[in-house]
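Please keep the sequence and the structure in view while reading.

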Amino acid sequence: MTSMTSNQPYLLRAFYEWIVDNDMTPYVVVDATNELVEVPQEFVKDGQIVLNVSPSACVGFNLDVNGLSFQARFGGQPRRLSMPCEAVIAIYARENGAGTVFATEEDIARSDAPESESTEVEQTGPTSLSDADDVGASDAPVPPKKGKPTLKVIK
């Protein structure tokens, strides 16, 4: 099979245009720990930064297969921001949360790895329905019965 380029820049562009076309405000969540990311570090929290990338908030917006770059104001000061597309974790509309979260290369590698090579994950919950019955059955919601509804008269 022939190796293909990443589809993330294309999906990022499509989601961006879709959000803007629907008169909503596109926000991106960026992995600020990526060494190629240039963002104001004073606004980074937990290694991530959330950026408003709407046309009214950005100047010189450029999104291509190499990355995303634009100029925006932080505390009244204009700043130049740039990042590779791989550093964008998610894009969503501020008004309703519609958008997508991108899988990281680590997630993709983990899903492609055969089971024997994948890392072991500690099982914390029940492993089957019968185990779920044993673990706090009183806390579990009762699924509705299927079939015709009935009315029970209680005197």
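Predicted model: local features only at pLDDT ≥ 70, side-chain atom pairs only at ≥ 80, totals over all residues.

Q: How are the rings of Tyr16 and Phe61 arranged, stacked or edge-to-face?
A: A pair of aromatic rings is described by the distance of the centres and the angle of the planes. For Tyr16 and Phe61 the centres are 4.6 Å apart and the planes are 15° apart. Since planes under 30 degrees apart count as stacked, this aromatic pair is stacked.

Q: How many residues apart in sequence are the parts that the pair of Tyr16 and Phe61 ties together?
A: Tyr16 is part of helix 1, which covers residues 8–21, whereas Phe61 is part of strand 3, which covers residues 59–64. The pair therefore ties together parts of the chain whose separation in sequence is 45 residues.

Q: In what order do helices and strands follow one another along the sequence?
A: The chain holds 3 helices and 7 strands. Read along the sequence, these elements follow the pattern α-β-β-β-β-β-β-β-α-α.

Q: Which element gives the most residues to the largest nonpolar core?
A: The largest nonpolar core has 25 residues, and those with the most contacts inside it are Leu51, Phe70 and Met83. Elements that give two or more residues to this core include helix 1, strand 1 (26–31), strand 2 (48–52) and strand 6 (88–93). With 4 residues, the element that gives the most to this core is strand 4.

Q: How many of the 8 residues of strand 4 are buried?
A: Across the chain, buried residues make up 25% of the 155 residues. Strand 4 is largely enclosed by the rest of the structure, because the number of its 8 residues that are buried is 6.

Q: Over how many bridges does strand 4 pair with strand 5?
A: Strand 4 pairs with strand 3 in the antiparallel sense over 4 bridges, and a hairpin of 2 residues joins these two strands. Within strand 4, Ser69 stands opposite Asn62. Strand 4 and strand 5 also run antiparallel, and the number of bridges that join them is 7.

Q: Which residue takes a positive phi in the hairpin of strand 4 and strand 5?
A: The bridge partner of Leu68 in strand 5 is Met83, a residue also listed among those with the most contacts inside the largest nonpolar core. The hairpin of strand 4 and strand 5 has 2 residues between the strands, and the residue with a positive phi near 60° is Gly75.

Q: How many disulfides are counted?
A: A disulfide is a covalent bond between the sulfur atoms of two cysteines. Cys58 is buried at 9% relative accessibility, and Cys85 is buried at 0% relative accessibility. With a cut-off of 2.5 Å between the sulfur atoms, the count of disulfides comes to 0.

Q: Which residues does Ser54 touch, not counting residues up to four places away in sequence?
A: Ser54 lies in the loop between strand 2 and strand 3, and at 7% relative accessibility Ser54 counts as buried. Apart from residues up to four places away in sequence, the residues touched by Ser54 are Tyr16, Thr25 and Pro26.

Q: How far apart in space are Pro84 and Asn34, C-alpha to C-alpha?
A: Pro84 is placed in the loop between strand 5 and strand 6, and Pro84 is buried at 7% relative accessibility. Not counting residues up to four places away in sequence, Pro84 touches Asn34, Leu36, Val37, Asn66 and Gly67. Pro84 and Asn34 are 50 residues apart in sequence, and their C-alpha to C-alpha distance is 8.8 Å.

Notes: Residues numbered from 1 in each chain as written. Heavy atoms only, no water. Buried < 20%, exposed > 50% of the residue type's maximum accessible area, 1.4 Å probe, protein only. Phe/Tyr/Trp six-rings, centres within 6.5 Å; stacked < 30°, edge-to-face > 60°. Core = buried A, V, L, I, M, F, W, Y, C linked by side-chain atoms within 4.5 Å. Contact = heavy atoms within 4.5 Å. Pairing = 2+ DSSP bridges.
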